[in-house]
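Please keep the sequence and the structure in view while reading.

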Amino acid sequence: MSSLDTTSRYNYSVLYLDKKNGDFFGTRQPLRLRPHKTDLFHQVTDADSKRIDLIAWRYYKDVRLWWVIAEINNISNPLELQTGLILRIPAYERVMFEVVG
């Protein structure tokens with residue numbers, strides 16, 4: 001797989017690809033949420049080590065926002081969170097402003 005040309009509009013986008021057959025599903029712009037004083041922190045427990053969606057529910061009341069936590073914390077496999085890992089959880093209002101606009 002070759003990398004994108006630096007002039008491509010997709011160069012800094014998050015790409016959704018099927019690794020097995022290379023199918024392209026779409027793109028989105030990466031989140032640009034720098035650390036902020038309103039951020040919260042969550043220590044992963046055994047109970048939520050495989051359920052990042054439940055962590056999203058706890059802080060955002062929306063399981064669909066699991067990907068925000070994964071991206072902000074550079075998590076490539078959200079189903080394999082290590083117990084004890086400290087996650088940065090951006091404030092809901094900041095997430096909504098960044099995602100919804």
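## Order of the elements

Read along the sequence, this predicted model follows the pattern β-β-β-α-α-β-α.

## Contacts and surface

Contacts in the chain can be sorted by how far apart the two residues lie in the sequence. Among those between residues at least 6 apart, 54% join residues at least 24 apart.

The chain has 101 residues, and 31% of them count as buried. Its accessible surface comes to about 7500 Å², and carbon and sulfur atoms account for 54% of that area.

## The aromatic pair

A pair of aromatic rings is described by the distance of the centres and the angle of the planes. A search of the whole structure finds one such pair. The pair consists of Tyr60 and Tyr92, whose ring centres are 6.1 Å apart. Their planes stand at 45°, which lies between the limits of 30 degrees for stacked and 60 for edge-to-face, so the pair is tilted.

Where do the two residues of the pair lie? Tyr60 belongs to helix α1 (residues 52-60), and Tyr92 belongs to helix α3 (residues 92-99). The pair therefore ties together parts that are 32 residues apart in sequence.

## Exposure of the two tyrosines

Tyr60 has a relative accessibility of 5% and, because buried means under 20%, counts as buried. Tyr92 has a relative accessibility of 35%, and therefore counts as partly exposed.

Note on methods. Residues numbered from 1 in each chain as written. Predicted model: local features only at pLDDT ≥ 70, side-chain atom pairs only at ≥ 80, totals over all residues. Heavy atoms only, no water. Phe/Tyr/Trp six-rings, centres within 6.5 Å; stacked < 30°, edge-to-face > 60°. Helix = DSSP H or I, 4+ residues; strand = E, 2+ residues; numbered from the N terminus. Buried < 20%, exposed > 50% of the residue type's maximum accessible area, 1.4 Å probe, protein only. Contact = heavy atoms within 4.5 Å. Areas by Shrake-Rupley, 256 points an atom, 1.4 Å probe, with all protein chains shown as cover.
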